[in-house]
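User: I would like to go through this model with you. Could you take me through the sheet, the aromatic rings and the surface?

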Amino acid sequence: MFKFISIATTASGTQPILFNVADITAVSYLTETTFAIYTGPISYTFTTSAAGASSTVAAVNAAIFAQGPLLSPVAIPTGVTIANLPVIVPIAPAA
């Protein structure tokens, strides 16, 4: 069975970004304002407003492990926004 999480941004004209939970290999806090979601060989780096990355990573993990619906929206913490689409980067395989 599939489960998806959705991350809403405030970028103009965009829909929430969907991730298949089965494809997520890691969620990482990078800095006070950035976090990344890894899906195999691709990283999606998000920038948050304020110092919201840590609390947003916690919200992403909560959505991943939440019981219930097939689509779990990430509850972006109060006062935090994600104003841009993520930076998507292929990860080079280890030599």
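Analyst: The notes below cover the sheet, the aromatic pairs and a surface patch, in that order.
Residues are numbered from 1 along each chain as its sequence is written, and side-chain values use heavy atoms, with hydrogens and water left out. This is a predicted model, in which local features need pLDDT of at least 70 and side-chain atom pairs count only at pLDDT 80 or more, while totals for chains, interfaces and linings use all residues.

User: In what order do the strands of the open sheet run?

Analyst: The order is 3-4-5-7, an open sheet of 4 strands with antiparallel pairing. Strands are DSSP runs of E, at least two residues long, numbered from the N terminus, and two of them pair if DSSP finds at least two bridges between them.

User: Which strands stand at the edges?

Analyst: Strand 3 (26-31) and strand 7 (87-90) do; each has a single partner strand, so one side of each lacks a neighbour in the sheet. From one strand to the next, the twist averages 25°, with axes taken as lines fitted to C-alpha atoms and angles running from 0 to 180 degrees between N-to-C directions.

User: How many bridges join strand 5 and strand 7?

Analyst: The two pair in the antiparallel sense over 4 bridges. Tyr-44 stands opposite Ile-88 in strand 7.

User: Now the rings. How many aromatic pairs are there?

Analyst: Rings of Phe, Tyr and Trp (its six-membered ring) pair if their centres lie within 6.5 Å; planes under 30 degrees apart count as stacked, over 60 as edge-to-face and the rest as tilted. By this rule the count is 4 aromatic pairs. Phe-19 and Tyr-44 have ring centres 5.0 Å apart and planes at 85°, so that pair is edge-to-face. It links distant parts of the chain, with Phe-19 in strand 2 and Tyr-44 in strand 5 (residues 42-47), 25 residues apart.

User: Are Phe-19 and Tyr-44 buried or exposed?

Analyst: Both Phe-19 and Tyr-44 are buried, where buried means under 20% relative accessible area, exposed over 50% and partly exposed in between (1.4 Å probe, protein chains only).

User: What kind of pair do Phe-35 and Phe-46 form?

Analyst: A stacked one, with 5.0 Å centre to centre and 10° between the planes. Phe-35 lies in strand 4 (residues 34-39) and Phe-46 in strand 5, so the pair ties together parts 11 residues apart in sequence. Phe-35 and Phe-46 are both buried.

User: Which residues make up the aromatic cluster?

Analyst: Phe-19, Phe-35, Tyr-44 and Phe-46 form one cluster.

User: And why does Leu-18 count as exposed?

Analyst: Leu-18 has 53% relative accessibility, and therefore counts as exposed. Leu-18 lies in strand 2 (residues 17-20).
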